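Subject: Structure for you to look at

Hello,

Please find the structure below, with notes on what was found in it after that. Keep it open while you read.

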Number of protein chains: 2
Amino acid sequence: MRVSYDEMYNALKERLLKYGANEKVAEGCAKNLTENSQGGVYSHGLNRFPRVIAMLKSGVIKPDNAPQLVQAMGAFEIWDGNQGMGNTNAEICMDRAIEMAKKNGVGCVALRNTNHWQRGGAFGIQAAKAGCVGICWTNTQPNMPAWGAKDRHIGNNPLVMCLPYKDEYVMVDGAMAQFSYGAIESARLEGRQLPVVGGYDQDGNLTTDPAAIEKTWRVLPIGFWKGSGFSIMMDMIGAALSDGKTVSDIGQQGNVPEDEYNLTQVFMAISMPDKQVQDAAVARVIEDIKSSQRVDEDREILYPCEKELDIYHENVKEGIPVNEKIWAQVLAL
Amino acid sequence: MRVSYDEMYNALKERLLKYGANEKVAEGCAKNLTENSQGGVYSHGLNRFPRVIAMLKSGVIKPDNAPQLVQAMGAFEIWDGNQGMGNTNAEICMDRAIEMAKKNGVGCVALRNTNHWQRGGAFGIQAAKAGCVGICWTNTQPNMPAWGAKDRHIGNNPLVMCLPYKDEYVMVDGAMAQFSYGAIESARLEGRQLPVVGGYDQDGNLTTDPAAIEKTWRVLPIGFWKGSGFSIMMDMIGAALSDGKTVSDIGQQGNVPEDEYNLTQVFMAISMPDKQVQDAAVARVIEDIKSSQRVDEDREILYPCEKELDIYHENVKEGIPVNEKIWAQVLAL
């Protein structure tokens, strides 16, 4: 089943208003979630909406609170999210980074006390649409063991890198875990093994079995010790710059998904000096990787985000696919 | 065998002068390589010196060329490395990013036509010593297949993130390949398997056998498709910002290590607003990860760079360990 952009946007906006968001936040949040679904990232679009409403109801998202400048140091600013809506807070902060980049070449915002930004890539795309490189990351609740550990003390802390290309962009929006818990759950429900090892079983062996990983919660960081290290660095840098909460601080709030609030994020934008140079450089890289010898003759080598852009174009044309059960659940809210 | 800092520094400086470097470049390059060895990164310290001399002799490193400002946009600048010495070029550019960060909160330099920076972490440490977060990366010659490909069209493009902590720092300096070719070769020479899968064998299966990976050159990106994506992004962003060479451009120069020149790098510094806040945030993270349940009871959970700092302290006290064969080879240059 597919629904139109307007249908989804209006349904989400209406319910956000009903649960206490003001007009501006309801519009921004609905736009972000609808675009995320339109962009093929259903897990952080419509499918995440019931959780947003639950967090509005429990009061950990305070939709009337706007983010606030704490300290300005030229092209770097510290903002406080005041526990406002995560995706609209993030949009405001990336906008501010872009504004500073337009003036100074580069801009950076460190944001504390914010909420889940949903699809981090949305803010990379926002920078790219403004003619900037966008780099941003968030911390999370503790959901991954540090390298050498069994229990979860670090976040999967997604890192986003995006740059404009022609009228679109090239982007990686990647968590530091090999797979999200959502992806692991989907594999289990569909009776699939993961395509590569995604964590450890109870005997401490690497496995592609999603159910075994769900039992241990020992998900695998990308690159083993390397992803663990990058996750820790992003957490430290964000909290140190913004005086915000670390993953460990967030863990003290509780460990169900609805306890994931007061997050810390970093947004950077760099103004692209020359559109022609930039498009030519990106085109050279794309052309070169596509000329690689394929592992599977029938599978083209893709550039980062190419598949998502194809889905986006299809969804713009055909409407946004929805899980009927979730769509009914959202309409009933 | 260990040698003193001064002994190594003087030996390297003397030879750099002999092979045409001016006083300033000889001092900066010798200092960087000696510090890298002192910091335990022997592969990018003394052990790399014969290659530096070979590249001076072949003329692809032009030691009299200083890096040059191309375009200034406030807190973001484009520099041209003019094929000068890589580690001294990088130090100058990170210094410039730090200077801009001190004035504007954040500073960024995109550098083109430079040479191998040796240990990327050196420039992260440089930023941390100046009270800044340091983030930097470089591209490389094509040395890793893109995800889905068999032959090498992307770089292992190391990413460095560093922040100050008390009188020292916490840092990750990680290439986008699970293992460097150097690490793979060492494992083969010592008759060891790699500790985790590091690439593919001739049948297309993941393997820990270093010799099998050396046959295919199919090294594994960290996180499979994710590390491949981040590598491509860093290459595109650097080349697009600086009008510099992409990994594919660099590949056209040739494919032996001595053909790895005219690299593109990005340096960012963010000024730390509050030393107390920063140290407290880092300490909370370290304390929390160290409280994890250990996989191996006897192995402490380490924070990023903790082991390297221990080696550094030992080497400061005891002298710098050298491979006797390489040390003799350097003295004979």
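In what sense do strand β5 and strand β8 of chain B pair, and over how many bridges? Strand β5(B), residues 132–138, and strand β8(B), residues 159–165, pair in the antiparallel sense over four bridges. Here two strands pair if DSSP finds at least two bridges between them. Helices (H or I, at least four residues) and strands (E, at least two) are DSSP runs, numbered from the N terminus. One bridge joins Cys136(B) to Val160(B) in β8(B).

Some conventions before going on. The model is predicted, so to speak of local features a pLDDT of at least 70 is needed and side-chain atom pairs count only at pLDDT 80 or more, while totals for chains, interfaces and linings use all residues. Residues are numbered from 1 along each chain as its sequence is written, chains are lettered from A and ligands numbered from 1 in the order in which they are written, and side-chain values use heavy atoms, leaving out hydrogens and water.

The sheet of chain B

Strands of a sheet pair through backbone hydrogen bonds, either parallel or antiparallel. In chain B, seven strands make an open sheet with mixed pairing, in the order β2-β3-β4-β12-β5-β8-β9. The edges are β2 (68–72) and β9 (168–174) of chain B; each has a single partner strand, so one side of each is left without a neighbour in the sheet. On average, neighbouring strands of this sheet are turned by 15° against each other, direction ignored. Such angles are taken between N-to-C directions and run from 0 to 180 degrees, with axes as lines fitted to C-alpha atoms, for helices over the stretch in contact.

Strand β12(B) pairs with β4(B) (residues 106–115) in the antiparallel sense over eight bridges, and Asn115(B) stands opposite Tyr261(B). With β5(B), β12(B) pairs in the antiparallel sense over seven bridges; there Gly134(B) stands opposite Ala269(B). Is β12(B) buried or exposed? Eleven of its eleven residues are buried, so β12(B) is largely enclosed by the rest of the structure. Buried means under 20% relative accessible area, exposed over 50%, and partly exposed in between (1.4 Å probe, protein chains only).

Helices

Helix α8 of chain A (residues 225–242) lies across β5, β8, β9 and β12 of chain B, at about 45° to β8(B). Helix α10 of chain B (residues 275–290) packs on the sheet and touches β8 and β9 of chain B, its direction making about 110° with that of β8(B). Contact means heavy atoms within 4.5 Å.

Helices α1 (residues 5–18) and α12 (residues 324–331) of chain B pack at about 40°, with axes 10 Å apart. They are therefore oblique to each other; angles under 35 degrees count as roughly parallel, over 145 as roughly antiparallel, 65 to 115 as roughly perpendicular and the rest as oblique. Among the residues making the contact are Leu12(B) of α1(B) and Trp327(B) of α12(B).

The two chains

A rotation of 180° with 0.0 Å of shift along its axis superposes chain B on chain A, with an RMSD of 0.0 Å. The two copies are thus related as by a two-fold rotation axis. In chain B, the C-alpha nearest the axis belongs to Gly223(B), 2.5 Å away from it. The superposition is by least squares on the C-alpha atoms of residues with pLDDT of at least 70 in both copies. Of the interface residues of chain B, 100% are also interface residues in chain A, so the copies meet through the same surface.

Regards
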